[in-house]
Amino acid sequence: MAPMAKHFAEPAWWKESVIYQVYPSSFKSTGSGNAPGWGDIKGITSQLDYLKHLGVDIIWSSPIFKSPQVDMGYDISDYYDIDPKYGTLEDVDELIRELKKRDMKLMMDLVVNHSSDQNPWFQESRSSKDNPKRDWYIWQPAKYDEQGNRKPPNNWSMILGEANSAWTWDEKTQEYYLALFTPEQPDLNWRNPDLRAAVHDVMKFWLDRGACGFRMDVINHISKPDGYPDAPITNPGAPYQPGYSMYCNGPHMNEYIRELNDKVLSKYDTVTVGEMPFVKDPKEIIKVVGAERKELRMIFIFDMVDIDNLPGSFRLTLRDWPTTDIRDIETKYQRLMIEHDGWNSMFIENHDNPRSVSRYTDDSDQYRELGAKLLCLMQTTLSGTIYVYQGEELGMKNIVPEIPIEEYKDVESINYYKKITTMYPNDPEKANQAKDCLQRKARDHSRTPVQWSAGPNAGFCPEGIEPWMIVNNDYQTVNAEAQRNFQGQDQLSVLQFWKRGLQNRKDNKDVFVYGDYELLDNATYEVFAYKRKTVTRAFVTVLNFSGKEVQWKVPSQAAVEKWVAGNYTASAPEKPVEGTVTLGAWEGLLGTAKP
């Protein structure tokens with residue numbers, strides 16, 4: 001095993017922090033915003049004691065800025081103000097004050113690859129070709145075919161509407177603008193130094209207001225290649241092609257991110273995480289997160305949340321994946337950061353992905369709790385800053401299959417279903433396949449309201465008010481109130497298990513946050529087993545990622561002393577530490593060991 005790099009185990013508050021992602025529209029509604037049935041900032045503040053009890057240090061909120069809400073706030077029309085649906089700037093100030101009282105922090109969502117088309121910057125940019133802000137966005141003249149038909153500048157497809165071009169025609173100025181996500185989200189031109197300075201000002205505004213840092217939305221899309229060349233044809237027959245190989249980790253990306261650090265981030269004590277999809281080259285990853293690179297603290301690596309995608313395809317595709325992929329992915333990035341002085345973000349769930357208990361385990365009534373606890377045990381014992389997504393700590397699962405397609409609210413889901421039914425108008429089987437894909441992978445699953453209680457609307461909003469999105473139908477049994485007050489004989493609720501796991505991680509941070517990593521078994525198909533250790537202490541984690549009983553032979557190098565925790569009982573498991581261990585369906589074990 002390669003030695004540990006020199007900076008990896010250096011203590012830092014952001015390495016040890018538990019970060020909890022709030023998707024504000026679905027978190028908690030107090031009615032203080034101007035949209036009944038919509039989560040608001042005061043709703044976040046109202047649940048700070050709950051989050052503190054869980055063990056949260058930092059709240060990361062998805063965007064709450066002014067927005068037309070075409071893409072749920074990821075289309076920002078004013079970076080300096082709050083959308084009235086969520087409340088006011090004063091509400092944010094109050095949230096920051098209340099967080100500080102509890103020794104907690106707020107991380108903002110920085111969306112600066114693109115803005116809303118309603119942003120004054122873009123309104124000026126599209127007003128004329130001579131406007132000083134014209135070059136703040138990416139404009140290109142049309143191309144024409146042999147028959148004189150107008151064509152977009154290249155063949156890139158839109159990310160949230162794959163059948164459409166990523167370029168939108170502007171009739172007034174007779175040019176196309178680049179909008180990778182939707183036509184209402186034009187891409188900013190980071191080549192322009194005035195635009196970059198404006199982004200720096202936005203960051204300073206929020207850091208000075210009390211934010212502790214930023215999650216940076218698709219930050220690896222900010223540098224596009226000169227000339228905007230066509231993307232390789234990976235979808236023959238389609239008019240437009242996925243262009244991520246052209247604009248992800250573009251030629252000046254590292255330069256721009258380093259400038260963010262030099263001019264803004266280095267002046268504050270910040271936490272940063274970059275969303276960087278489609279990047280798998282370890283060298284490119286370390287360029288961003290290496291301890292001496294002075295760019296970002298960490299990034300979101302997508303291998304785990306892309307696990308069921310068809311290779312080379314977009315997100316709404318399906319493939320059967322081998323259980324061994326989990327251990328291969330986690331081992332790859334544990335070793336990469338340890339050996340090359342980087343830092344991981346530890347996450348398997350967020351607002352852009354289905355619920356983890358439905359995706360990686362079994363969300364049936366029989367196994368949902370075991371699966372949720374198994375995933376908790378894995379995340380709380382691997383290295384990296386841990387991210388918990390709202391409701392994950394309750395084992396919230398995907399929306400039930402029976403709901404009508406009209407209940408899916410996400411722009412990606414709507415565009416995808418429309419695409420399939422338009423392409424195959426008289427083929428009900430294709431429509432059913434599209435609905436099956438949405439039922440398994442739509443972003444909507446993570447956006448149902450948090451289940452706070454068994455009361456009306458799951459306690460998300462007051463009785464008599466309709467939530468903006470459907471509440472999952474298991475809220476009467478799966479909710480925070482029931483799980484926090486649960487008193488079972490030698491059992492923990494999912495919430496109680498998460499609380500214990502996060503506390504155990506903090507109590508043993510020398511091992512779980514900063515310790516070395518060793519894979520213990522590369523042969524047993526269903527089992528992911530590893531050792532975390534320092535010179536003097538060690539723990540072994542064993543995870544059965546299958547719904548069947550497995551006989552697992554304990555390797556000699558595990559050197560387990562005793563099993564101290566598991567997901568079947570609240571007390572320590574009574575299992576042998578040598579020879580063969582019987583693992584039940586979705587069973588996880590944690591034991592102390594000799595280093």
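Reply: Domain bounds here come from an automatic or database domain assignment. On that basis the protein chain is divided into domain 1 (13-115 + 193-228 + 254-401 + 443-485), domain 2 (402-441) and domain 3 (515-593). This is a predicted model, in which local features need pLDDT of at least 70 and side-chain atom pairs count only at pLDDT 80 or more, while totals for chains, interfaces and linings use all residues. Residues are numbered from 1 along each chain as its sequence is written, and side-chain values use heavy atoms, with hydrogens and water left out.

Taking contact to mean heavy atoms within 4.5 Å, 24 residues of domain 1 are in contact with 27 residues of domain 3. The two domains bury about 2200 Å² between them, 67% of it on carbon and sulfur atoms; buried area is the accessible area (1.4 Å probe) that two parts lose on being put together, summed over both. On the domain 1 side, Arg 327, Leu 374 and Leu 377 lose the most area to domain 3, and together they make up 30% of what that side buries.

The side chains of Asp 516 and Arg 335 meet in a salt bridge, at 2.7 Å from N to O. Between domain 1 and domain 3 there are also twelve residue pairs in polar contact, both residues being at pLDDT 80 or more; a polar contact is a pair of N or O atoms within 3.5 Å, and within protein one must be able to donate a hydrogen and the other to accept it, residues adjacent in sequence counting only if both atoms are side-chain atoms.

Helix H10 (324-340) and helix H12 (368-381) each supply at least two residues of the side of domain 1 that touches domain 3, helices being DSSP runs (H or I, at least four residues) numbered from the N terminus. H10 gives the largest share of that side, nine residues. By residue class, the side of domain 1 that touches domain 3 divides into eleven nonpolar, seven polar and six charged residues, with Ala, Val, Leu, Ile, Met, Phe, Trp, Tyr, Cys and Pro counted as nonpolar, Asp, Glu, Lys and Arg as charged, and the others, Gly among them, as polar.

Definitions and conventions. Salt bridge = Lys/Arg side-chain N within 4 Å of Asp/Glu carboxyl O.
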